[in-house]
Amino acid sequence: MNDSVTIADDAARNILRAPPPMAMLAELTHRCPLACPYCSNPIELTRANEELSTEEWIGVFKQAAALGVLHLHLSGGEPAARRDLAELTKAAASFGLYTNLITSGVGLTEARINNLADAGLDHVQLSIQGVSAEGADWISGYEGGYERKIAVAGWVDKARIPLTLNAVCHRQNLDQVDDMITLAIRLKARRIEVATVQFHGWAERNKAALMPTREQVERATTTVDEAREKYQGILVIDYVPADYYSTYPKACMGGWGRVGLNVTPSGRVLPCHAAETIPSLSFKNVREGSLSEIWYESDAFNAYRGEDWMPELCRSCERKKVDFGGCRCQAMALAGDPGATDPVCVKSPLRGRLTRETDQLSATSSVTLTYRGR
Ligand code: SF4
Ligand code: FES
């Protein structure tokens, strides 16, 4: 048999089953100097001695590029905790991947940023927790963090790397959205992502202190709409509203196994950040199989791909190609069933209960934050 025909046939069969992934989130490490109460990383973190080595990560990036990945997000934890960050970036860039560093800024110096620019880093996404040192450092649990972020933004600009500010918003800071947008302009960011907290991983423990109120969400939406008009052509504003107050769920991950994949610090390959909260799934590791096999063949990636898995409510719904039935991890957390319609959906029988619980949580006066242990 002609080998090239077999390979082409395999590729065609795979593409019919699922398109190749466009984006990969590489969680280089779970180590992090910050202690954010809204952290969506799992309760059990990967230890440093379990992390993939430099060579292993480079091998994963090479496979990702061959598989069709275009965007590589270098994330964590705090990716700057990896001493080989510039080496990893350089290798990824050499495979033609667009590299985006998602960082708190803590652990970066001007020299390291210049090294990253030389290595070919394409973009930096810098998190902010608030618009004053006192408020932001209270939320991150890291004194001096805010000042460091301001310095990092300046170095990134000097190195001519495009900057996005990433603001995770919740009840304790959602009223600062206007000032966060102004801060983004001041720091010469080209984009700000205002993302309402998702209650995955550690964040679940802080639901009472972090759940925004309906009024806050409505004000934030108006602020974003006005700012989009005011800063058109100057600043792009991405907004992920609080889906607990939405009518329909978000298209989480752009659909399961459809657009992107995550690799954990120790090499497990996940369809989304929180997939390990679904106990019925098991995940393959890049140490035991190729990325291509895992993407196309593994049970975990095929579990909620397409429409066959959908409950009748979603399968007969006109929005099934818009939101893909919502978020599987949210269905697991709120309905106890990863195959259920996302309870955020207005059509879900659980929506009424969710609304009552959300209203109760947002009405508590709790400001007690349970910080992520380091
Ligand atoms: Fe989306 Fe399913 Fe709700 Fe339709 S029923 S809007 S597909 S979650
Ligand atoms: Fe897992 Fe939404 S976070 S599907």
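**Reading a predicted fold: a tutorial dialogue**

Visitor: What covers the buried residues of helix 5?

Guide: The cover includes strand 4 (123-128) and helix 6 (145-158). Please bear in mind throughout that this is a predicted model.

Visitor: Which residues of helix 5 are the buried ones?

Guide: A general point comes first. An α-helix has 3.6 residues a turn, so residues three or four places apart point the same way. In this structure helix 5 spans residues 133-140, and its buried residues are Ala136, Ile139 and Ser140. These residues cover an arc of only 95° around the axis, which puts them on the same side of helix 5. Just after the helix comes glycine 141, with a positive phi of about 70°.

Visitor: How many helices and strands does the protein chain have?

Guide: There are 15 helices and nine strands. The radius of gyration is 21 Å, close to the 21 Å that the globule rule gives for 374 residues, so the chain is as compact as a globular protein of that length. Along the principal axes, the C-alpha atoms fill a box of roughly 70 × 55 × 40 Å.

Visitor: In what order do the strands of the sheet lie?

Guide: Strands of a sheet pair through backbone hydrogen bonds, either parallel or antiparallel. Here an open sheet of nine strands has the order 7-6-5-4-3-2-1-8-9, and its pairing is mixed. At the edges stand strand 7 (236-240) and strand 9 (269-270), each with a single partner strand, so one side of each is left without a neighbour in the sheet.

Visitor: In which sense do strand 6 and strand 7 pair?

Guide: They pair in the parallel sense: strand 6 (residues 191-196) is joined to strand 7 over five bridges. Valine 194 has tyrosine 239 of strand 7 as its bridge partner. Strand 4 and strand 5 run parallel and are joined by five bridges; here isoleucine 128 has alanine 167 of strand 5 as its bridge partner.

Visitor: How many residues of strand 5 are buried?

Guide: In general, the side chains of a regular strand alternate between the two faces of the sheet. Strand 5 (residues 163-169) is mostly covered, with six of its seven residues buried.

Visitor: Is each of them buried or exposed?

Guide: The reading rests on a count of neighbours: 20 or more other C-beta atoms within 10 Å make a residue buried, and 12 or fewer make it exposed. Arginine 160 has 7 such atoms, so it is exposed; phenylalanine 324 has 25, so it is buried.

Visitor: Which residues touch the most other members of the largest nonpolar core?

Guide: They are Leu72, Met180 and Ile192, in a core of 94 residues.

Visitor: Which residues are joined by a cis peptide bond?

Guide: Glycine 76 and glycine 77 are, with omega of about 15°. Glycine 77 lies in the loop between strand 2 (71-75) and helix 3 (85-94).

Visitor: Which residues does the "Radical SAM core" annotation cover?

Guide: According to the unreviewed UniProt entry, that domain covers residues 18-235. Over this stretch the chain is 40% helix and 16% strand, with the end C-alpha atoms 34 Å apart.

Technical notes. Residues are numbered from 1 along each chain as its sequence is written. Chains are lettered from A and ligands numbered from 1 in the order in which they are written. This is a predicted model: local features need pLDDT of at least 70, side-chain atom pairs count only at pLDDT 80 or more; totals for chains, interfaces and linings use all residues. Helices (H or I, at least four residues) and strands (E, at least two) are DSSP runs, numbered from the N terminus. The radius of gyration is taken over C-alpha atoms; the globule rule is 2.2 Å times the number of residues to the power 0.38. Two strands pair if DSSP finds at least two bridges between them. UniProt positions are given in the numbering used here, feature names are shortened, and annotations may be inferred rather than shown by experiment. A nonpolar core is a set of buried Ala, Val, Leu, Ile, Met, Phe, Trp, Tyr and Cys residues joined through C-beta atoms within 7 Å. The arc is that of the directions from the helix axis to the C-beta atoms. Two residues are in contact if their C-beta atoms, placed from the backbone, lie within 7 Å.
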